[in-house]
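Work through the exercises below with the sequence and the structure side by side, trying each task before you read its solution.

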Amino acid sequence: MTRAFNWLFPHPLLTVLLTVVWILLQNDFSAGMAVFGLILGVIITKVTAVWWPERPGGVSVIKFLSYALIVIWDIMVANIQVAWIVLTKPNSKLRPAWIVIPLDLVQPEAITILAGTITLTPGTVSADLSDEGHSLLVHVLHTDDPDADRDGIKERYERRLKEIFA
Amino acid sequence: MSIEVIGTYAVAICLLIGAAFALIGTIGLLKFNDSMTRLHAPTKVGTIGIGALLLASMIHAHVFADGSMHELLIMAFLFVTAPISANFIAKVNIHRRSCDAPPPPPKDDTWSTLNVPEADRELAEPEKV
């Protein structure tokens with residue numbers, strides 16, 4: 001039974017996601033469209049499973065939702081801060097900096113989410129990963145204390161992602 | 001106050017917020033004089049500016065028409081793809097040396113953008129040969 005399930009759904013979460021995206025694309029819910037979305041979800045995950053053989057480990061959904069809410073709140077707060085910097089700070093007083101974040105995360109999915117979060121929160125852009133994937137290069141628009149920024153990102157985002165992908 | 005009046009005001013406020021952030025992002029793009037700091041402007045427009053405009057579109061569709069969920073998809077795709085384009089622009093900047101050189105990583109040898117295979121080293125850094 002589990003083997004048949006694994007054969008049909010190599011990535012169950014991706015199948016669910018594709019079905020939901022298909023239903024949203026229709027902009028109108030009907031049973032036929034849901035079934036068609038499910039068929040698409042099964043076919044697409046089966047065909048692309050060759051390039052993504054390993055299933056990502058378990059994810060705590062509730063913790064992930066709270067993480068998403070925190071990120072959305074941070075995006076709004078940081079947007080206003082950066083808008084203030086753009087409007088009021090002259091270029092000569094701007095202190096951009098590179099900061100290096102040593103990573104405790106190992107899963108590629110978790111590192112991708114962390115890098116995406118850092119880029120989406122205004123004021124920081126994740127620029128690069130080291131060749132073995134142990135640290136992340138981040139560019140900050142304006143900072144007085146790069147070390148505090150690094151610790152803030154580690155404490156606020158990476159610690160939560162570690163719990164989510166534990 | 002009917003639902004239409006409240007909806008109209010909500011749409012107008014969302015449009016104003018979105019337009020204001022888009023304007024501030026553009027001012028930032030013009031004002032900053034370094035390619036890395038300039039990169040920070042589009043990430044702002046991509047999140048709050050577009051988010052507020054799409055929210056206005058959603059409220060309008062739900063109040064005055066049957067409602068539409070396409071905006072959620074647009075937002076999801078934007079949030080997924082915006083960091084990737086920002087990442088590529090940052091990588092190009094590092095390659096072109098148009099910004100300060102990044103500090104070396106603490107654990108590994110180098111950043112993956114600067115990691116050139118042995119066979120291509122002469123092509124990558126001709127001035128050192």
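This is a predicted model: local features need pLDDT of at least 70, side-chain atom pairs count only at pLDDT 80 or more; totals for chains, interfaces and linings use all residues.

Residues are numbered from 1 along each chain as its sequence is written, and chains are lettered from A in the order in which they are written.

**Exercise 1.** Find how many residues of chain A are in contact with chain B, and which helix of chain A gives the most.

Solution. Begin with the contacts (C-beta atoms, placed from the backbone, within 7 Å): 36 residues of chain A are in contact with 42 residues of chain B. Next, look at the elements (DSSP runs numbered from the N terminus, helices being H or I of at least four residues and strands E of at least two); helix 4 of chain A gives the most to this side, with seven residues.

**Exercise 2.** Identify the contacts of A:V138 beyond its neighbours within four places in sequence.

Solution. Setting those neighbours aside, A:V138 is in contact with A:I99, A:I101, A:I118, A:T124, A:V125, A:S126 and A:A127.

**Exercise 3.** Describe residues 31-52 and 64-87 of chain A, which the unreviewed UniProt entry annotates as "transmembrane region".

Solution. Recall first that such annotations may be inferred rather than shown by experiment. Residues 31-52 of chain A are 82% helix and 0% strand, with end C-alpha atoms 30 Å apart. Residues 64-87 of chain A are 100% helix and 0% strand, and their end C-alpha atoms lie 34 Å apart.

How values were computed:
Two residues are in contact if their C-beta atoms, placed from the backbone, lie within 7 Å.
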